[in-house]
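Work through the exercises below with the sequence and the structure side by side. Each task is followed by its solution in steps.

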Amino acid sequence: MPSQRVHSARRTVSVAAPAHVVYGMLADAPRWPVLLPPYVHVERMDFDGAGETLLAWEFEDGRVRSSRLRRTLRPQARSVDFVQEDPAWPGDTVAGSWSVEPDGAERSLVTLRHETPHPYAAAGPDGLGADVDEQLARLREAAERWDRLDELLLAFEERLRVDGPAELVYDFLYRVEDWPELIPHVDDSSVREDRPGTQVVVLDTGATEAGPPAGSGEAGGSETVRLCFPHAGRIVFKETAPPGPIAAHSGEWSLVPDESGLTVVCAHRVLLREESVEPTLGAGALPVDARRHVRERLGRESRETLRLAKWHAESPVRRLR
C-alpha cells in the first residue's frame, strides 16, 4: 500500500519582543481570542503541567470551524509541539511545533513548522506555507504590543441576581432573532445558525443612549459570533470587527446557580486599538480615557440586557404567585 504524502512548511520570523513574552502568548491559549484575530474561543479540557487538550473555535471566511489540539509545552526550551484535528473531517490533522529563540534582550526568532497529509496543502506551490506565514504575522503583531499590554487589555464583568428559572434567562439570551420584539432599541436582527448552537449574528440597533446589548453586535449592523452551550448555561461571543478604539472584544454570558437563586454574569475581555483612540475620542485622548469609555459603554449595555433578561425570567414567576 503506498505511503501517504505529507506536505510540510517551515518559517521563521523576527519579532520585536523578548522570547519569554512570545512563549507566554503561545502557552496561554485561553487568551488567544483577544490577541489573535481568528479565535472566537479556546477551552482547556485538561492540563497536567506539560500536556494539554484544547478545543478551539475559529472564524474565517464567514465560517466557524472547531478543532481539537493536543499540545506539549516545554517552557525551558520555549517550544510547543501540537497535533490539531478537525472533528468534521476525520484524518484531517496538522502536526507541528512552535519554537522561540532569544535574539538579543528585546527580540526573538519564532519558528513555526506544519505537517499535514491534507491535499489542500498541494493546491499551490506555497499553499501550506501561506497559512504558516499568516499565523506568524498574527502572532508577531500581538507580541510586539508586549510593553503596552497592561494598558491596552481590559477585563471586567457585570452581574445580576435573578429570582426566576435559569431556563427562561438562557432562552432570552439565546433567541437573538426575537430581540427586535423584546428589546426596544433593537430594530432588526439577522441570525445564521449553520450548526445548532453556533450563531453568526448581525443586529441593527436604534440610536439610543443605552446602545445595543453587549455580545450581540454594534450599531450599524456589525457582526458577532456566538457559541451556545445550553447544558452549561453559557454563551461565548466575539465581535468580528469591533468599532472605535476596540481592536478585539470577546466575552461570555454565564448562568451561575447557587443555594438561594441564580446570578447571571456578562464577562468582557477587550484589547484596545491605540491608533484609534484619538480619532474616536478626540485630540489628546490617551489609552486610559479609552479604557474608561469602553468600560462605561459595555458595562451600560450589559446592565441593560441583564435587566431585560431578569424581567423576562421573573414575570412568569410573579404571575404564578
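Contact here means heavy atoms within 4.5 Å. The model is predicted.

**Exercise 1.** Find which residues touch the most other members of the largest nonpolar core, and list the contacts of Val 22.

Solution. Step one: the largest nonpolar core has 48 residues, and Val 22, Trp 98 and Val 110 touch the most other members. Step two: helix α1, residues 19–27, gives the most to this core, with six residues. Step three: leave aside the neighbours of Val 22 within four places in sequence; its contacts are then Val 15, Ala 17, Val 100, Ser 108, Val 110, Leu 139 and Ala 143. Step four: a second, separate core holds 23 residues, among them Val 169, Leu 262, Leu 308 and Ala 313.

**Exercise 2.** Determine which residues of helix α5 are buried and how they lie around the axis.

Solution. Step one: helix α5 spans residues 166–174, and its buried residues are Val 169, Tyr 170, Phe 172 and Leu 173. Step two: these residues cover an arc of only 160° around the axis, so they are on the same side of α5. Step three: an α-helix has 3.6 residues a turn, so residues three or four places apart point the same way.

**Exercise 3.** Describe the surroundings of Gly 261.

Solution. Step two: its relative accessibility is 25%, so Gly 261 counts as partly exposed, since buried means under 20% and exposed over 50%. Step three: the C-alpha atoms of Gly 261 and Val 162 are separated by 6.9 Å, although the two residues are 99 residues apart along the chain. Step four: beyond its neighbours within four places in sequence, Gly 261 is in contact with Arg 161 and Val 256.

Conventions. Residues numbered from 1 in each chain as written. Predicted model: local features only at pLDDT ≥ 70, side-chain atom pairs only at ≥ 80, totals over all residues. Heavy atoms only, no water. Buried < 20%, exposed > 50% of the residue type's maximum accessible area, 1.4 Å probe, protein only. Helix = DSSP H or I, 4+ residues; strand = E, 2+ residues; numbered from the N terminus. Arc of directions from axis to C-beta. Core = buried A, V, L, I, M, F, W, Y, C linked by side-chain atoms within 4.5 Å.
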